[in-house]
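Here is a friendly note to read alongside the model. Take it one point at a time, with the structure open beside you.

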Amino acid sequence: MNRLGRYLMAFAAAAMLGGCSIKETMRSADAAVVRFHDDLDAGRSRTIWDATGEDMRTATTQKQFVAMLDAIHRKLGNVRSSRQVGWNRNASTRGSFMTVTNETVFDRGSGTEKFVFRKGKADELALVGYHIQSNEMMVN
């Protein structure tokens, strides 16, 4: 019985540490989304690009990414509100990823945004994916 108790204690400690890590990563991801929106509203698309990770930089060019963000801002306007509606954390041989889904209201419409972050050195998050679904953006 004593041996079983030691295993359970070790498992419980690992579970608690993992939970703290998720909470810290969520706080970091939420802060990164706020910075993204602040930069988007200010027209600082290149600043957003500068904060992206290697995965993003191999998937698209700076010119294409900046043009996409500029079009989103031009068509939808500034962010009025944004609330998180989902998240997913995934660890694989490629790294540790956090996906955050937000419902966002802009000046001229709304959209569902999906942010994908890769956890890097010193637990810093780098944006490696961004997707938006917005009917208003398509028709404006």
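Leaving aside its neighbours within four places in sequence, which residues is Thr-60 in contact with?

1. Thr-60 is in contact with Trp-49 and Phe-65 once its neighbours within four places in sequence are set aside; contact means heavy atoms within 4.5 Å. You will find Thr-60 in the loop between helix H3 (54–59) and helix H4 (62–76). Helices (DSSP runs of H or I, at least four residues) and strands (E, at least two) are numbered from the N terminus.

2. Thr-60 also uses its side chain for a polar contact with the side chain of Gln-64 (3.0 Å). A polar contact is a pair of N or O atoms within 3.5 Å; within protein, one must be able to donate a hydrogen and the other to accept it, and residues adjacent in sequence count only if both atoms are side-chain atoms.

3. A word on the source: this is a predicted model, where local features need pLDDT of at least 70, side-chain atom pairs count only at pLDDT 80 or more, and totals for chains, interfaces and linings use all residues. Residues are numbered from 1 along each chain as its sequence is written, and side-chain values use heavy atoms, with hydrogens and water left out.

4. The protein chain has five helices and four strands, in the order α-α-α-α-β-β-β-β-α along the sequence.

5. Now for confidence: the mean pLDDT (the predictor's confidence in each residue, from 0 to 100) of the protein chain is 88, and 86% of its residues reach 70 or more. Do treat residues 7–20 separately, where the pLDDT is below 50.
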